[in-house]
Amino acid sequence: MKILLSDKAAIIIRAMLSQPDRKWVARDFEKEFDVGRARAAAVLSVLRSKGFVKGISSGRLAYSILQNKEELLEEWLKAYKFELNETHLYYSAHEDVLSRLKKYFATKDDTKEYALTLHTGANFITHYVNTPTVYCYLRNENFRDISLDLRQALDLKELKKGGNFYLIKPYYKNAVFFNNQTIKGYNVVSDLQLYLDLYSFPQRGKEHALYLLKTLKEEGKNLV
C-alpha cells in the first residue's frame with residue numbers, strides 16, 4: 001500500500017496508533033501535527049477504503065478510528081524497508097563513541113537532532129544482539145551540516161565498507177522521529193520504528209524485531 005510510504009501519512013497513522021481509542025477528524029492532524037486538513041482527509045479516506053479505519057465518513061458527526069492494527073502493520077512491513085533510508089558509513093576507533101555522541105548533542109540547543117535505531121536502539125530494551133556498530137538518524141533539514149560537524153567532533157573516518165558507525169538521513173523525514181523515547185539519556189526511535197527498521201534488516205534484523213516484540217509483550221506494552 002503506497003500510502004504507507006508517505007511521510008505525512010506515516011505521521012497520521014502513528015498518531016492514531018498512539019491513541020487507539022480516539023475518534024479523529026482531519027482538523028486534529030492539522031492542529032496537532034501540522035498535516036494539512038485536505039491531506040489528512042485524503043489519507044483517512046484511503047485507510048477507510050482499505051478497511052483500516054471505521055467511523056462516520058461525512059457530515060457534522062464524522063469521525064475516524066483506527067482498526068485492524070495488526071493487519072495494518074503487516075501491510076507496512078511489506079511496503080517499508082530500511083534500505084529506503086540514505087546511509088553513510090564511517091569508522092570510529094573509540095570504544096566509547098556512543099557516549100561521545102550523547103555528550104556532543106548535550107552541548108547543542110536541540111538535543112533531539114538524532115535518534116538511535118536498529119540494533120543500537122533496540123539493545124537498550126532487549127540487550128539481544130552484541131554489536132559495536134552504531135546506527136544513528138539525523139534530521140533531514142540539517143543533515144549535511146550536522147553530519148560534517150559530528151564527524152569532526154567524534155573523529156569519524158569515511159569508509160565504503162568495514163565501518164562501525166552509520167549516519168542515516170531518514171526516508172520518513174519527520175515521521176521517523178515521532179514518539180521518540182529517551183533511554184539512559186539517549187534518544188531512541190519509537191518501538192514501532194525500531195520494529196519497522198529491524199524487520200527487513202539483513203543482519204539478524206527480523207530475529208531481533210521478533211525478540212523486541214516478545215520483550216514488549218512481556219512488559220505489558222503494545223507495539224500497535
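Visitor: Leaving aside neighbours within four places in sequence, which residues is Tyr 211 in contact with?

Guide: Thr 126 and Tyr 128. Contact means heavy atoms within 4.5 Å. This is a predicted model: local features need pLDDT of at least 70, side-chain atom pairs count only at pLDDT 80 or more, and totals for chains, interfaces and linings use all residues. Residues are numbered from 1 along each chain as its sequence is written, and side-chain values use heavy atoms, leaving out hydrogens and water.

Visitor: How far apart are Tyr 211 and Tyr 128 in sequence and in space?

Guide: In sequence, 83 residues. In space, 7.8 Å from C-alpha to C-alpha.

Visitor: Why is Tyr 211 called partly exposed?

Guide: Its relative accessibility is 29%. Buried means under 20% relative accessible area and exposed means over 50%, with partly exposed in between (1.4 Å probe, protein chains only). The value of 29% falls in between, so Tyr 211 counts as partly exposed.

Visitor: And what makes Phe 178 buried?

Guide: Its relative accessible area is 15%. That is under 20%, so Phe 178 is buried.

Visitor: What makes Phe 33 and Phe 178 a tilted aromatic pair?

Guide: A pair of aromatic rings is described by the distance of the centres and the angle of the planes. Rings of Phe, Tyr and Trp (its six-membered ring) pair if their centres lie within 6.5 Å; planes under 30 degrees apart are stacked, over 60 edge-to-face, the rest tilted. Here the centres are 5.6 Å apart and the planes make 45 degrees. Therefore the pair counts as tilted. Ring pairs also link Phe 33 and Phe 178 with Trp 24 and Phe 29 into a cluster.

Visitor: Why is the pair of Tyr 80 and Tyr 172 called stacked?

Guide: The centres are 5.3 Å apart, and the planes make 20 degrees. That angle is under 30 degrees, so the pair is stacked. Tyr 80 and Tyr 172 are both buried.

Visitor: How many aromatic pairs are found in the whole structure?

Guide: The search finds 14.

Visitor: How do you know that the charged end of Arg 139 sits over the ring of Phe 177?

Guide: NZ of Lys or CZ of Arg must be within 6 Å of the ring centre and within 35 degrees of the ring normal. The charged end of Arg 139 is 4.1 Å from the centre of the Phe 177 ring. That distance is within 6 Å, and the charge is counted as sitting over the ring. Lys 23 sits over Tyr 63 too, its charged end 4.6 Å from the ring centre.
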